[in-house]
Amino acid sequence: MQALPVPDLPEIRAGDDIAALVDERIALRPSDVVAVASTIVSKSEGRTADLDDFPAGERAQSVAQRLEDATGEEKDPRFAQAVLEESEELLIDSPFLLTRTHFGHITVNAGIDRSNVPDHDLLLLPEAPSERAAEIRSGLSVDAPVLVTDTCGRPFRHGQRGVTIGWAGMPASRDWRGEHDRDGRELGVTVQSVVDELAATANLVAGEGAGGTPVVVIRDWEFGEHGGSDELFRDLDGDFVQQALRQWSYED
């Protein structure tokens, strides 16, 4: 398997055709998987914003004050307002904001980025990442799966890794249930989130910061003869961590 960064992509602006820009720079194969950073998907959608676009309401002011009290750092209530508007639910309001986005992704600050945003304060996540993945896929010269990726932290571990927040052209997971291990035992629970594993692979070569490359092509990887599933974000009924967070409150 190879992970090939797509070179020399320009700064993406609203309305730019990501599929065309990729096709101009690499000869794609139908078996490739194209991993596209959510940052350039958002920029192509015009999802940049300024703090003044989010005048703080009463709840945002309260959230910002609670964060200040917990961290000892000044917090802008306009940023809290942006997070609230980009969230379906606020799971934790202190000592940081953990949210569930409108499309189901759970992340800090609704995934709002404050870096690599020329001429603006904020970069919001794509509104419907899987729909955007499908649009990019339809514009490519070959019928290759597309992933929209992001980086986020992980519970219980230091550091961030690449994850997929939208996908098209392949299942999100390999379903191993019903298959057997080396000792002949039937697998009963194993569902492998291949879109997240591919996103993490892409992130290894995409890099971060000023030298980052926002599109990576995964080559010579095969899904294999397995069942597939498009379940990526857990439903609340089966997510015991989300359920516990609803009952938890941070105390300094």
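Ser-229 counts as buried, at 14% relative accessibility (buried means under 20% relative accessible area, exposed over 50% and partly exposed in between, with a 1.4 Å probe and protein chains only). The structure is a predicted model, in which local features need pLDDT of at least 70 and side-chain atom pairs count only at pLDDT 80 or more, while totals for chains, interfaces and linings use all residues. Residues are numbered from 1 along each chain as its sequence is written, and side-chain values use heavy atoms, with hydrogens and water left out.

Ser-229 belongs to strand 13 (residues 227-229); helices (H or I, at least four residues) and strands (E, at least two) are DSSP runs, numbered from the N terminus. Leaving aside neighbours within four places in sequence, Ser-229 is in contact (heavy atoms within 4.5 Å) with Pro-171, Ala-172 and Ser-173. A polar atom of the Ser-229 side chain also lies 3.1 Å from the backbone nitrogen of Glu-231.

Beyond four places in sequence, the contacts of Val-215 include Leu-4, Val-22, Val-34, Val-36 and Ile-40.

The salt bridges (a side-chain nitrogen of Lys or Arg within 4 Å of a carboxyl oxygen of Asp or Glu) come to 15. In one of them, the closest N and O atoms of Asp-32 and Arg-219 are 2.7 Å apart. Asp-32 lies in the loop between helix 1 and strand 2 and Arg-219 in strand 12, so this pair ties together parts 187 residues apart in sequence. Asp-32 is buried, with a relative accessible area of 0%, and Arg-219 is buried at 7%.

Glu-127 pairs with Arg-47 in another salt bridge, at 3.8 Å between the closest N and O atoms. Here Glu-127 is exposed at 58% relative accessibility, whereas Arg-47 is buried at 10%. Arg-137 and Asp-143 form a further salt bridge, at 2.7 Å; Arg-137 is partly exposed, at 26%, and Asp-143 is exposed, at 52%.

Technical notes. A polar contact is a pair of N or O atoms within 3.5 Å; within protein, one must be able to donate a hydrogen and the other to accept it, and residues adjacent in sequence count only if both atoms are side-chain atoms.
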